[in-house]
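Work through the exercises below with the sequence and the model open. Try each task before you read its solution.

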Amino acid sequence: MTAARPAQRSVAQLELDIAWGAWAELGVSGWVRSHRDWAIDPEPLIVLTPLLATRDARLRDETLDWCIAHWRHISRLRLRNLLRVQASEVIDAYGQFAATVNQHSGANWPEATQAQRYIPTHRSMPPRLSQGSMIWLRMRAMFGMSARTEILRYFLSHRGDQVSVTELATAVGYTKRNVADECAALHQAGVLAVRPVLNRLSYSLDREKQLRAFVGEPPRVLPDWTALFRITRATADLAGRAPRLAAKALNVEANRVLHDLGPDFDRLQVSAQPLAGNDYWAVLQHFIDTTLTAWSQGQWFR
Amino acid sequence: MLGRTELEEALETLGAVLEGRGLSHGLLVAGGSSLLLLGLISRPTADLDVIGLAEHGTYVKADQLPPTLTRAVSDVAATLELAPTWLNNGPAPLMDLGLPEGFEGRVECRRYGTLEVHIPAREDMVCFKLYAAVDQGPGSKHFQDLQEMRATPTELSAAAVWCRSQDPSSAFESELRAAVADLTSLPRPRGDDGDGG
């Protein structure tokens, strides 16, 4: 499946489209619901949105409105852990957003700085937990807001995986100690299987069929949103600078971006198609025109 | 290995990358790559030797290259498929020797974007090359470079004076005399009958 990139749609706009699509699933007032087949993970979205919203005031107003009304669905521990690995520009923008949410709600989100002006829009709807795209929030409603739920989320979205506590902690955004404790409890309950691999324990899901029957079948697209947003951010950033860069520099920067994003491409099982020769900017443009464009329209394209 | 075309391409790319990142650096280079840039030799070279950093109108020994430069060098290497050390500060201790008198005034500065490459003049390169040729013998690339540069007796005599100031030992002096004798006794290309180049 390929998606035609709408004429003159900038990479920054594609990035915004993905964010809008995800927020619309959560209940933010939006134009279209393009991502109903995607499982939405709210914390990576909240961390990145304030930076994107510097280009889209409506996104800022509507997402603030939603967060102030529905902050109880959000894990502040995950927010804190995700923020640890963000660029300063992301953290700066998030800090004001979080302060505004804290000022107008009972939330106590981390890294809050200076609150911004807030005018309620009252257009946001609560998340409809019965929707396929809300499976992760639905699981929180079932099992509680904890690392335990995020561990189960991981195994549902990575069928057949056997992973260590370290890998799991990185993937779910909780601390290693927390994840280790919860894995041990889930193993005792017979939900996770464990086996030693070299000098560490490797966990896998032992009752997948029962879990799926209980929480509901996940939607078709189960992306790692942290990896996805790192890719969109780095790509949009370079595309924005591209007109000011000499061709030789642009090619080097494109190669660096592709290299740096290697682990994220792997986590999403996505490849940026290599082309003949060393024209890395052409590789990245091809990725934008196909994969990124498809993502912006709610289609999963590898 | 880097030929002159590849070396120019790498420097142009590095300069463009630095400019795009809002960075600028000035590098004092030496070695075979400098001769290649000046068109004095044609043999490919493994790397570009940085001996100093141009800072506030003078040169300081390149004990360490700035991290921002190292990162850009590495990124260029990855893109152009060069060795990661294609630009390095290995020969920086050369600065400890003390530069020939009037060195700074003779340096040729070339700009590649926001990268400045400061190349010693021919006569100063003869000094460095002669010192290295004495150290490493007549079979060395330095000896060959002096031959290819067609270093004249006058240039070699001046260079020998500088070399003696770096190592006044009698053992070095005898090897220096032998090296200069070898170089001046070599047959010169037709039409090349004196100082020049």
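**Exercise 1. Describe the contact between chain B and chain A.**

Step 1. Count the residues: 10 residues of chain B are in contact with 12 residues of chain A. Two residues are in contact if their C-beta atoms, placed from the backbone, lie within 7 Å.

Step 2. Find the elements. Helix 1 (4-20) and helix 3 (67-80) of chain B each give at least two residues to the side that touches chain A. Helix 1 of chain B supplies the largest share, six residues. Helices (H or I, at least four residues) and strands (E, at least two) are DSSP runs, numbered from the N terminus.

Step 3. Sort by class. This side of chain B has four nonpolar, three polar and three charged residues. Ala, Val, Leu, Ile, Met, Phe, Trp, Tyr, Cys and Pro count as nonpolar, Asp, Glu, Lys and Arg as charged, and the others, Gly among them, as polar.

A note on the model. It is predicted: local features need pLDDT of at least 70, side-chain atom pairs count only at pLDDT 80 or more, and totals for chains, interfaces and linings use all residues. Residues are numbered from 1 along each chain as its sequence is written, while chains are lettered from A and ligands numbered from 1 in the order in which they are written.

**Exercise 2. Summarise the fold and dimensions of chain B.**

Step 1. Count the elements: chain B has eight helices and six strands.

Step 2. Read their order from the N terminus: α-β-α-β-β-α-β-α-β-β-α-α-α-α.

Step 3. Take the spans. The C-alpha trace of chain B covers about 50 × 35 × 25 Å along its principal axes.
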